[in-house]
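Take a moment to turn the model around and follow the chain with your eyes. Then we will walk through some of its parts together.

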Amino acid sequence: MKMTFRWFGSKSDSVSLEQIRQIPGMTGVMGFLDYKPAGDVWTEEEIKKYIDEVHAAGLECEVIESVNVHEDIKLGLPTRDKYIENYRITIRNLAKYGVKCIVYNFMPVLDWLRTDLARPNPDGSTSMYYDEAELGTLSPIDIVKRTADNCNGFSLPGWEPERLEDLEKVLKLYENVDEEKLLENYRYFLEGILPTCEECGVVMACHPDDPGWQIFGLPRVAHSQEGYDKIIKLYDSPCNTVCLCTGSLGSNVDNDVPSIIRHFGKMGRIGCLHVRNLKHLGSDRCFCESSHLSSDGDLDMYEIMKAIYETCPNTYIRPDHGRMIWGEVGRPGYGLYDRALGVCYLNGLWEAIDKAAKSDTEVK
Ligand SMILES: [Mn+2]
């Protein structure tokens with residue numbers, strides 16, 4: 001297991017590489033060029049600058065997150081070929097600088113979604129929060145505006161203003177795209193890029209829909225074991241993998257997260273993992289992001305780490321969103337303190353699982 005931490009770059013993150021390096025057991029970052037619009041080529045120069053900085057801090061950068069897929073690809077428009085070619089160039093450029101795994105998602109229009117980015121908890125901390133009942137009263141444009149207004153001056157992944165300028169127009173285009181059509185467009189995308197990945201030794205890891213169901217009537221395909229099975233079958237390659245985000249999948253109470261990890265872990269199709277917890281509040285469609293601890297949320301983190309240990313022990317892992325604690329101000333979900341506590345807890349679980357497994361072997 002390689003423990004990593006998301007880092008948005010020195011100009012866009014309240015957390016420094018030095019702070020990340022000082023977290024026990026930390027090996028590297030999951031990197032991100034947050035200023036790149038979907039569809040643009042990530043140039044060698046930009047990649048080198050980011051990765052050199054990470055290496056200079058004594059950390060690795062083998063995973064890159066959110067090379068966003070242009071909407072025209074998801075919609076299957078004729079212009080998609082240009083964006084797929086750009087994506088291929090980006091893959092080659094990232095591979096040149098040692099990147100082994102690229103995280104992306106195939107969610108139409110809207111990326112992950114919350115109705116509150118700083119919901120107060122009884123202990124005085126704040127959490128990101130989602131309530132479907134509240135969402136019912138808002139339009140997609142309302143929710144985008146509210147998110148932009150409440151993120152402490154940082155842009156959130158998937159909420160870049162350039163991407164959302166034409167929101168209404170894009171939503172209209174999706175009226176003709178159902179789940180089947182989206183999967184067809186998805187296949188075309190994978191056929192376009194996976195041969196390049198095979199050539200370069202890079203895996204693509206699809207992040208789940210968040211929350212893990214359809215919203216605003218938009219088609220979504222990546223929020224269950226069955227959905228991922230379909231995606232894996234679209235193009236059979238070891239480079240076609242899942243970014244298994246326990247919080248996103250766990251938002252849907254029908255998902256048995258440890259069992260999904262075992263299913264794809266055994267197939268060798270987990271490219272990396274985001275590990276976090278969440279707590280449902282009174283309804284299956286209302287939850288807040290809790291601390292990583294099992295007893296604070298609905299997910300059994302011990303079973304999750306055990307499933308990883310037993311089926312994909314060499315995977316990249318990072319803590320995912322954390323609460324804001326100890327008065328920290330930063331990008332919602334991406335402060336230092338609660339995520340660093342999450343790392344220590346996950347490392348503790350791992351050591352216990354590892355030692356128990358080794359002493360079992362000795363007894364036999
Ligand atoms: Mn995630």
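In which loop is Phe216 placed? Look between β7 and α10, and you will find Phe216 in the loop there. Keep in mind as you look that this is a predicted model. Phe216 has a positive phi of about 50 degrees, although it is not a glycine. Why does that deserve a second look? Most residues other than glycine have a negative phi, and most peptide bonds are trans. Phe216 counts as partly exposed because 15 other C-beta atoms lie within 10 Å, and a residue needs 20 or more to be buried.

The loop between β7 and α10 also holds Pro211. The peptide bond that leads from Asp210 to Pro211 is cis, with omega near 0 degrees. Another positive phi belongs to Ser66, at a value near 60 degrees. You can find Ser66 in the loop between β3 and α3. Ser66 has 23 C-beta neighbours inside 10 Å, so it counts as buried.

Now let us turn to a helix. Helix α4 runs over residues 80-96, and its 17 residues should span 24 Å at 1.5 Å a residue; the end C-alpha atoms are 25 Å apart, which agrees. Which residues of α4 are buried? They are Arg80, Tyr83, Ile84, Tyr87, Thr90, Ile91 and Leu94. These residues cover an arc of only 115 degrees around the axis, and therefore they sit on the same side of α4. After α4 comes Gly98, with a positive phi near 90 degrees.

Next, follow the strands. Strands of a sheet pair through backbone hydrogen bonds, either parallel or antiparallel. Strand β7 lets you see the parallel kind. Four bridges join β4 to β7, and the two strands run parallel; here Val103 stands opposite Ala205 in β7. Strand β7 is also joined to β8, by three bridges and again in parallel. In β8, Asn240 is the bridge partner of Met204. On its way from β7 to β8 the chain passes through α10, and this β-α-β crossover is right-handed. Are the residues of β7 buried or exposed? Val203 and Ala205 on one side, and Met204 and Cys206 on the other, are all buried, and both faces of the strand are covered.

For the antiparallel kind, find the open sheet of four strands in the order β5-β6-β11-β10. Its edge strands are β5 and β10, each of which pairs on one side only. Two bridges join β10 to β11, and these strands run antiparallel. In this region, His280 stands opposite Phe287 in β11.

We finish with a cysteine. Cys312 is in the loop between α13 and β12. Cys312 is buried because 25 other C-beta atoms lie within 10 Å. Leaving aside residues up to four places away in sequence, Cys312 touches Gly265 and Ile270. Follow the chain from Phe264 to Cys312 and you will see that they are 48 residues apart, yet their C-alpha atoms are separated by 8.8 Å.

Technical notes: Residues are numbered from 1 along each chain as its sequence is written. This is a predicted model: local features need pLDDT of at least 70, side-chain atom pairs count only at pLDDT 80 or more; totals for chains, interfaces and linings use all residues. The expected span of a helix is 1.5 Å times one less than its number of residues. A residue is buried if 20 or more other C-beta atoms lie within 10 Å of its own, exposed if 12 or fewer, and partly exposed in between; C-beta atoms are placed from the backbone. The arc is that of the directions from the helix axis to the C-beta atoms. Two strands pair if DSSP finds at least two bridges between them. A crossover is right-handed if, with the strands pointing away from the viewer, the path from the first strand over the helix to the second runs clockwise. Two residues are in contact if their C-beta atoms, placed from the backbone, lie within 7 Å.
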